[in-house]
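Work through the exercises below with the model open. Try each task before reading its solution.

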Amino acid sequence: MNKKKWILLAVCLCAGAAVIIGRTIRKNNDTIKTNNEMENVSTATSTDQESEGTESEQENAQGQKGESENGEDVKEADWDAFDLVLADIYNAMPGVSGCSLKSARAAGEILDWAKVNMSATSETKIKEKAQNWYNENKEELVEADSIMLAWESVYEDAKTILTDRDSILPLLDDAGYELQNDSYNMADIETIQNAFEQAFPEAPEGVNE
């Protein structure tokens, strides 16, 4: 084979080798690019999931916090104190010894209870609690069916405290009770009056006349 043919063959071989090498490099580059793209997609998906998880956790935490805050904001009325006042109202039944003093005292007690607790309750709740107290105690109360007679007396004394405080202070002093507040709300005592009218049996007619 002459020299020209050898040179031509060498050129062809080199060209072929260059083509093969070029394809291999291109293929490797494509593979690397594809892998990088897949890694980017995987990273982005993972980041989105983590972000969504974080947002979800934050929302749950905020919801729980809100419920906790709401729970803390809700004030429960002092129903134990309310039951004690109901007992004192019953004990102020007209005709019993010292009923005037007991009535004035119970009037002061119910007004002071209302001043502190009315913002945390309602007429319906007061009626419910009064009914519960009555049902739990009526077997032990000698004149359970006449409790509204006692309440009528206490109610009148409560209105006197609201409208003519000075006139009833001597009676309160004799009863050993000091009013805890300088002023009271007439609407509170009217709400309690409405609740008791629904909770207790109607007062017998003519007994207090």
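**Exercise 1.** Determine how α5 and α6 are oriented to each other.

*Solution.* Two packed helices are described by the angle between their axes and the distance between the axes. In this predicted model, local features need pLDDT of at least 70, side-chain atom pairs count only at pLDDT 80 or more, and totals for chains, interfaces and linings use all residues. Residues are numbered from 1 along each chain as its sequence is written, and side-chain values use heavy atoms, with hydrogens and water left out.

Take the angle: helix α5 (residues 147-163) and helix α6 (residues 165-175) pack at about 125°. Their axes are 6 Å apart. Helices are DSSP runs of H or I, at least four residues, numbered from the N terminus. Axes are lines fitted to C-alpha atoms over the stretch in contact, with angles from 0 to 180 degrees between N-to-C directions. Now classify: under 35 degrees is roughly parallel, over 145 roughly antiparallel, 65 to 115 roughly perpendicular, and the rest oblique. The pair α5 and α6 is therefore oblique.

**Exercise 2.** List the residues where α5 meets α6.

*Solution.* Contact means heavy atoms within 4.5 Å. From α5 come D157, T160, I161 and T163. From α6 come R165, S167, I168 and L172. The residues of this contact divide into three nonpolar, three polar and two charged. Here Ala, Val, Leu, Ile, Met, Phe, Trp, Tyr, Cys and Pro count as nonpolar, Asp, Glu, Lys and Arg as charged, and the others, Gly among them, as polar.

**Exercise 3.** Is A158 buried or exposed?

*Solution.* Locate A158 in helix α5. Its relative accessible area is 0%, so A158 is buried (under 20%; exposed is over 50%, partly exposed in between; 1.4 Å probe, protein chains only). Next, find its neighbours. Leaving out residues up to four places away in sequence, A158 touches A107, L111 and I189. The C-alpha atoms of A158 and G108 are 6.6 Å apart, across 50 residues of chain.

**Exercise 4.** Check the length of helix α7 and find what its buried residues pack against.

*Solution.* The expected span is 1.5 Å times one less than the number of residues. For the 14 residues of α7 (residues 186-199), that gives 20 Å; the end C-alpha atoms lie 20 Å apart, so the two agree. Buried residues of α7 include I189, I192 and F196. The buried residues pack against α2 (79-91), α3, α4 (123-137) and α5.

Definitions and conventions:
Helix = DSSP H or I, 4+ residues; strand = E, 2+ residues; numbered from the N terminus.
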